[in-house]
Amino acid sequence: MTLVKKWWKEQVIYQIYPRSFQDSNDDGIGDLRGIISRLDYLKDLGVDIIWLCPIYDSPNDDNGYDISNYYDIHPEFGTMADFDELLAGLHARGMKLIMDLVVNHSSDEHEWFEESRKSKDNPYRDYYFWRPGKNGGPPNNWNSIFGGSAWEYDAHTDEYYLHLFTKKQPDLNWENPKVRQGVKDILRFWLDKGINGFRMDVIPCISKDLDFPDTDIDDFNRVIAEVYANGPKVHTYLNELYESVIQEYDVMTVGEGPGISTAVCLDYVGHDRGELDMIFHLEHMFLGHGPLGKFDPIPFSWEDIKVIFRRWDKAVGDSGWISVFLDNHDFPRMVSRFGNDKDFRTESAKLLAMMVLTLRGTPCIYQGSEIGMTNVHFDKLEDYRDVETYNVHKEFQERGVSTEDFVKLVHDNGRDNVRTPMQWDDSLHAGFSGGDPWIRINPNYKQINVVADKAKQDSIFGFYKKLLAYRKQYKTFAYGVWDEFKGLSENLFVYTRTDDEQFLVVLNHSEEHESIEFELEGYHLELRNLENKMETVLLPWEARLYRKV
Ligand code: TEU
Ligand code: CA
């Protein structure tokens, strides 16, 4: 396959969870004017594309991933005029904006659903999946990804409706051409405002088996991949969006890819498919999830991570594209999950940055990773806010798990780990807000914050900035072939990126000292994450970037 060059392969995404980024009016909730006040910070860091998590009208059952009006900004976040100013501010700085498109489901407070639930013969009835019960219970045995049945009984019309997530997130029926037209109208509205693309929420799940058969699969991850995702018409629907709207604009689409494996990835992101430009595959993010999901942790290793990255690079090659990331708003902080946030927080945060910014794919940095923000350990369940945590807590209680034990599971696996407010400085509320934040701030904000980090000799922000500038200087990090050095210590991840330049990345993702047993002749050391006098011995969590000269 010939190399396909695109702006979205060369640039870097920075994900903002608006609720937790910067509050401008002291109501404790991040907002658009807060983001506007931080545009120069983002420009200085050197990121290119801002991915905004949902900012539309929503009852916030799932913090905006339950949309009640796709055409309006949630008043908590500001006004459409604020949005227009934010977009103009980004474009004026040569940056881009992609929005979060959540159309596998809407909110139950969306007008479509309010109509749909009124009666069986309402014109909007089949905008959603309504089915009669079976044997006095739900139509089938599917479970919600957030716990409990995937069906909610509605007494008014004596039928159940499908919701793969919370009961306030009814699944849209994409089989209905009016739903697809409704989505196209939403796309066109925002594209005509000048945004640069979309991140598409749980997009592999938009096509269902309309017979809704029971499933005999009880593994959480397999149910997503084999029952909810990759349905019979998912590619037809995606191609229809592309052909009828998206291909008219020079924009980028990235699908969130629960259930997308290497076996099917090119069906979604193949350059010749006319569907998505790239995906956030979640295979490495679901590592450690046991049969009951993320709160049922099982051990995993760095070898498991490397096997996945190897397989994806081989599967996608030059025929499609992926985004490379190690955390987002749904998974724990990467320095806590994949690094060592106790004894080597700075070193491992930088090593992970070098990995994300030098593997093949569009890097995506989650807010706060640039200063090595860590997981949070709230003692009380009440300090958490995530609906997934509360719903799964109910399920685990029914299994006899105490709240105290469940909270320990939330410490390492809950989504609120990445949703505590951005830590800007060591003032009250970490400079995030002048009022009480919607969720408590990580108590370590006194030590870990932007001002403190930038002041350090070994600043993590400074390292990200150098790496981001370096990527801009060499397109090899976008288009270069990825090759791994094999047969090394299991603690090393060593690879090259090659086009007319060659770069060598050496990562010691362990607490051990590791000797370098490969040739460094002809390579010049361009960047390293720590000081070390020994050329052929790597210190714990040491990362090096060489350029072939
Ligand atoms: O996430 C779907 C998804 O795959 C993850 O939420 C993951 O499955 C979940 O955390 C269970 O472990 C998308 C959004 O990113 C997420 O924030 C929303 O809650 C969800 O869809 C519903 O819109
Ligand atoms: Ca606010």
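**Figure 1. Helix 6 packs against helix 8 in this predicted model.** Start by finding helix 6, which covers residues 177-192, and helix 8, which covers residues 234-244. On the helix 6 side, look for Arg180, Val183, Lys184, Leu187 and Arg188. They meet Tyr237, Glu240, Leu241 and Ser244 of helix 8. Sorted by class, the residues of this contact are 4 nonpolar, 1 polar and 4 charged.

**Figure 2. Helix 13 crosses helix 14.** Here you can follow helix 13 through residues 387-398 and helix 14 through residues 403-413. The two axes come within 10 Å, and they cross at roughly 135 degrees. An angle has to be over 145 degrees to count as roughly antiparallel, so helix 13 and helix 14 are oblique to each other. Helix 13 passes helix 14 in a right-handed crossing. Helix 13 brings Thr389, Val392, His393, Phe396 and Gln397 to the contact, while helix 14 brings Thr403, Phe406, Leu409 and Val410. What classes do these residues fall into? The contact of helix 13 with helix 14 has 5 nonpolar residues, 4 polar residues and no charged ones.

**Figure 3. Helix 12 meets helix 16.** Look for residues 345-358, which form helix 12, and residues 460-473, which form helix 16. How do these two helices lie, roughly parallel or roughly antiparallel? Their axes come within 10 Å and cross at roughly 15 degrees. With a cut-off of under 35 degrees, that makes helix 12 roughly parallel to helix 16. The crossing here is right-handed. From helix 12, the contact uses Arg345, Thr346, Ala349, Lys350, Ala353, Met354 and Leu357. Helix 16 supplies Ile460, Phe463, Tyr464, Leu467, Leu468 and Arg471. By class, there are 9 nonpolar, 1 polar and 3 charged residues in this contact.

**Figure 4. The largest cavity has a lining of 23 residues.** To find its centre, look for the lining residues that lie nearest to it: Phe146, Phe165, Glu256, Asp330 and Arg415. The lining as a whole divides into 12 nonpolar, 4 polar and 7 charged residues.

Figure 5. You can trace its lining through Phe309, Trp312, Asp313, Ile322, Val324, Leu359, Arg360 and Trp482. The lining of the second largest cavity contains 6 nonpolar and 2 charged residues, with no polar ones.

Definitions and conventions. Residues are numbered from 1 along each chain as its sequence is written. Chains are lettered from A and ligands numbered from 1 in the order in which they are written. This is a predicted model: local features need pLDDT of at least 70, side-chain atom pairs count only at pLDDT 80 or more; totals for chains, interfaces and linings use all residues. Side-chain values use heavy atoms; hydrogens and water are left out. On a 1 Å grid over the protein atoms alone, a cavity is a set of points where a 1.4 Å probe fits but cannot get out, and a pocket is an open set with protein on both sides within 12 Å along at least five of seven lines; lining residues have an atom within 4 Å of a point. Ala, Val, Leu, Ile, Met, Phe, Trp, Tyr, Cys and Pro count as nonpolar, Asp, Glu, Lys and Arg as charged, and the others, Gly among them, as polar. Axes are lines fitted to C-alpha atoms, for helices over the stretch in contact, and angles run from 0 to 180 degrees between N-to-C directions. Helices (H or I, at least four residues) and strands (E, at least two) are DSSP runs, numbered from the N terminus. Contact means heavy atoms within 4.5 Å. Angles under 35 degrees count as roughly parallel, over 145 as roughly antiparallel, 65 to 115 as roughly perpendicular and the rest as oblique. A crossing is left-handed if the near helix is turned anticlockwise from the far one by less than a right angle, and right-handed if clockwise.
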